[in-house]
Amino acid sequence: MTSRKIVDEAAIIALLEKGGSYMEVAVEVGLSEGRVARVAARHSESSPAFRERLIAHRAARAKHARKMLAAINAVQVPGWVKRAGLESDFRDTARDFGEDAALRHCRRMTAEMRAAA
């Protein structure tokens, strides 16, 4: 059985405070990214600089999510797709693959519904 590596948590937090990502710090100290994340979570309250970076990161992710949601809602769903009850399928496919792919997908779905009826 291999022994666990002794971790200098203060060094990890110092590297994170300097702006290193979890992956960069993990490579530098020879640990896994998950282990670095656990150390960071354990010390996030004790390091004001790290806590500020974490708050800024969460705010940026929330802003990106709002932007993506606005883009999804901006897609014009054709009337025949709404009448077929495929609006959510259209929006999901349009988000991932584009509107043309969403139209093809919905046409295929309506053809399958007609064939099954």
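**Figure 1. Lining of the largest pocket.** Helix α4 (residues 48–74) supplies the largest share of the lining of the largest pocket, 5 residues, where helices (H or I, at least four residues) are DSSP runs numbered from the N terminus. The model is predicted, with local features needing pLDDT of at least 70 and side-chain atom pairs counting only at pLDDT 80 or more, whereas totals for chains, interfaces and linings use all residues. Residues are numbered from 1 along each chain as its sequence is written, and side-chain values use heavy atoms, with hydrogens and water left out. The lining consists of Leu-16, Gly-20, Ser-21, Tyr-22, Phe-50, Arg-53, Leu-54, His-57 and Arg-61; a pocket is an open set of points on a 1 Å grid over the protein atoms alone where a 1.4 Å probe fits, with protein on both sides within 12 Å along at least five of seven lines, and lining residues have an atom within 4 Å of a point. The space in this pocket is about 180 Å³, a volume being the space filled by probe spheres set on the points, which are joined across faces, edges and corners. Its lining comprises 4 nonpolar, 3 polar and 2 charged residues (Ala, Val, Leu, Ile, Met, Phe, Trp, Tyr, Cys and Pro count as nonpolar, Asp, Glu, Lys and Arg as charged, and the others, Gly among them, as polar).

**Figure 2. Packing of α1 against α2.** Helix α1 (residues 9–17) packs on helix α2 (residues 22–29) at an angle of about 140°, with the axes 10 Å apart; axes are lines fitted to C-alpha atoms, for helices over the stretch in contact, and angles run from 0 to 180 degrees between N-to-C directions. This makes α1 oblique to α2, since angles under 35 degrees count as roughly parallel, over 145 as roughly antiparallel, 65 to 115 as roughly perpendicular and the rest as oblique. In contact (heavy atoms within 4.5 Å) are Ile-12, Leu-15 and Leu-16 of α1 with Tyr-22, Val-25, Glu-28 and Val-29 of α2. By class, this contact has 6 nonpolar, no polar and 1 charged residues.

**Figure 3. Packing of α1 against α3.** With axes 10 Å apart, α1 and helix α3 (residues 33–43) pack at an angle of about 85°, which makes α1 roughly perpendicular to α3. Glu-9, Ile-12, Ile-13 and Leu-16 of α1 form the contact with Val-36, Val-39, Ala-40, Arg-42 and His-43 of α3.

Key: Helix = DSSP H or I, 4+ residues; strand = E, 2+ residues; numbered from the N terminus.
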